[in-house]
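Biologist: Please take a close look at one part of this model. Start from a single side chain and its surroundings, then connect it to what lies elsewhere in the chain.

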Amino acid sequence: MKSSLQKVLFLFLLFCFSFAISQSRIQVPDNVLFYMEVNGKQLNGKVDWQKLNPILQELNKNSTEKPTWKDFSDVGIENDAKQYHYATFNDTVKTYTAHLILKDSKKFLNFLNTSAKKELEVTKKDKYSYVNLNNESFVAWNDKKAVMSLITYTKKIPNDFWDDKVADSAVVVVDSVAMDVDSVAIDSAYYEPEKPFDYKEEIKYLKDEIKYQREDIKEHQQEIARIQKDIKYLEKHHKYPEEKNTETAEPEEIASAKPTEEYDEEAEDLAYRKELDSIKAADFKILKSLAEMDFDRYFNSGEEIEVPKEMVAFQDQNSDVFAFLNYGEVFQNGIYKKMMSTYKLGGFIDNFYNSNTFYNLYFEKNKVRLISNYQHKNAEIQKNMAAVYKDKKNKKLTALINDKSIGYYAINIDGYKYFDLMYSFFENNSDDNSKYQKELELVLETVKIVLDEEAISKIAPGNGIFVLNELNTKKVEYTDYEYDENYNSKEIKKMKDVVVPDFTFAFATENENYWKRVFNVLTSSKELSEKFMRNGDIYFFKNDAKNSTYIDQLCFTAKDGIVYLTTSPANLAVKKQSVMAEKLAKDTAKFPVSGRMDMKRFLNGLEQEFKTTSDKKTMDLLRKNMGDIDFKSEPKKGSIETEINYTTPNSSENSLMYFFDFCRDIMKNMDSVKTVSL
């Protein structure tokens, strides 16, 4: 007996201990659609607060009467601590939550009061206090930590809304107090249960309907009487009675006239505003309850945040910011799920987006680096996707990169494997409500038999490149209209400068003869030969000069296993690459997908589009601050990894401060534009 009691006591203590541990951490919901960690220690060391404070003070201004916060480096938050952010949503409730560590709770409250657009009313609870910044934003805190919550609520849409009979109807009745709160956000659900049938309410409704019909009949009878009176007057006088001019009427006539019921716009507006206020008050009451439940759960736990391992699978602890985005949650939850269920390909779309993407962001000395890892939740689809990204490179395509190239986008994928990927999206249908899955599988099997996938893939195996060489200007004629004092229009022919791209698009082929036959058909067809012509091995598409189109001609040809489409025959000639261009070509050949854009040269080519003084100032601002962009993608670590690099052009302390300096220049530019306009 004693042994049994000891075992029971031990199990009870173990349960209590486990419960205490479970309450010591705040758990991030498993199916959030967005999660982010901000590495405060690293970012705080990269911020120049002397530069940043004036910018934040300007943005934080509410009015000339209320002062703004002076030092944003000291708002009561522990700047070196990590920040945790996450978002959840369904068809009724959307939440965005941020968890912060405090070093001075009193200063934090002072900051909220200074920054708020209204006087804040503090609500005190047992373990925390909170305020609402507006009807949808709430902030709670105690001596050690704070949580900020943005919540929006929309009334629940009935399940039968998406049915054909209801969707085609012009009227959808929604319960004014229905609410369904996602368990992701607050681990609970609220809704008003369906009320039993009340015959008294039904009788009241029918009586109101009779009253409405009687009033409607009365209005029709009055209209009929007026028309009959007009008919008699026309029969006697052969015209309508003359309307009295109220401006010339005598005061006695106006005074004796019977008053008529008029539309009271002010009263209607007041009634509408009262109704709107009552709706807002009801919604606010719901949001306040949701926020309190979330705050209770948070402040009953410890400071440590527990994150599901799936969300941080690709996190680099050295990154400045880490983020996780669940695309599948967007399309498989909430209103989008119900929308997709109405379409026959809804399951395919669900399956297509059923993936996670992880982001690691780095603010380096003169470069912003973003590394993303895309991973489909279905292992077979992810395997097929990685297979698409594995193919041999083509040096003839990378040879098109030259010194004058503004930018390029190159791919080296396996076109044959692309068929397997598309089939897997259909075959691994994640839609449980799919009515035609067996039929779809049979159709796919038939397509595989009919299509010669290997022959199709040889037409365009998957190696291609687009090179933007230059942006030139060209004068074109256009039609404008002028109007005289009688609003009669007159066509006016004018000239303007437009930007014309000079580019080359090329892709590899293992069936060069197929493309030559296509080109020959274009030049030999009676309908098309007027537009297409041939000069040796080069085919041309020429526009009529009278059409004033931006691109005068397109050249295309197929030779040495490459199909070319370009704006000039000169781009087809092989040019010797400089050391820089050769390096770019080698880097491009290393990755299945890659690209680059020289933003400063790109903006220089667009200069003609900026006409006014303010536009030119904007152009100068962009040229001063825009850097170069390059990216590359490859299968890595069971995902598709993409690295994007943005090189900063100016002399900021680091790439983080570059953005704040850019923001400061934008604000100065806006002020100068306002001054000029005044």
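Modeller: F466 counts as partly exposed because its relative accessibility is 34%. The terms here are buried (under 20% relative accessible area), exposed (over 50%) and partly exposed (in between), with a 1.4 Å probe and protein chains only. This is a predicted model, in which local features need pLDDT of at least 70 and side-chain atom pairs count only at pLDDT 80 or more, while totals for chains, interfaces and linings use all residues. Residues are numbered from 1 along each chain as its sequence is written, and side-chain values use heavy atoms, with hydrogens and water left out.

F466 sits in strand β14, residues 463-483. Helices (H or I, at least four residues) and strands (E, at least two) are DSSP runs, numbered from the N terminus. Together with Y409 and F505, F466 makes a nonpolar surface patch of about 270 Å². Patch members have over 30% relative accessible area and no salt bridge, and nonpolar side chains are joined within 5 Å. A salt bridge puts a Lys or Arg side-chain nitrogen within 4 Å of an Asp or Glu carboxyl oxygen. Areas come from the Shrake-Rupley method with a 1.4 Å probe.

In soluble globular proteins, nonpolar side chains tend to be buried together. The largest nonpolar core holds 28 residues. Such a core is a set of buried Ala, Val, Leu, Ile, Met, Phe, Trp, Tyr and Cys residues joined through side-chain atoms within 4.5 Å. V28, Y35, A140, F295, F299, I305 and M311 touch the most other members. Elements that give two or more residues to this core are β3, β7 (137-141), β8 (145-153), α9 (265-299) and β10 (321-326). Helix α9 gives the most, with seven residues.

Strand β2 (residues 34-38) pairs with β3 in the antiparallel sense, over five bridges. Pairing requires at least two DSSP bridges between two strands. M36 stands opposite H85 in β3. Strand β4 (residues 93-101) runs antiparallel to β3 and is joined to it by six bridges. There, Y86 stands opposite T97 of β4. A hairpin of three residues links β3 to β4.

Strand β18 is another covered strand. It is largely enclosed by the rest of the structure, because five of its seven residues are buried. Strand β17 (residues 538-542) runs antiparallel to β18, with four bridges between them. Y539 has F556 in β18 as its bridge partner. β18 also pairs with β19 in the antiparallel sense, over five bridges. T557 has Y564 in β19 as its bridge partner.

β18 and β19 form a hairpin with two residues between them. D560 lies in that loop, between β18 (553-559) and β19 (562-566). Its phi is positive, about 55 degrees, although D560 is not a glycine. D560 is exposed because its relative accessible area is 56%.

K637 is in the loop between β21 (628-636) and β22 (639-647). Its phi is positive, about 55 degrees, and K637 is not a glycine. K637 is exposed because its relative accessible area is 62%.

Terms used:
Patch = residues over 30% accessible without salt bridge, like charges linked within 9 Å, V, L, I, M, F, W, Y side chains within 5 Å.
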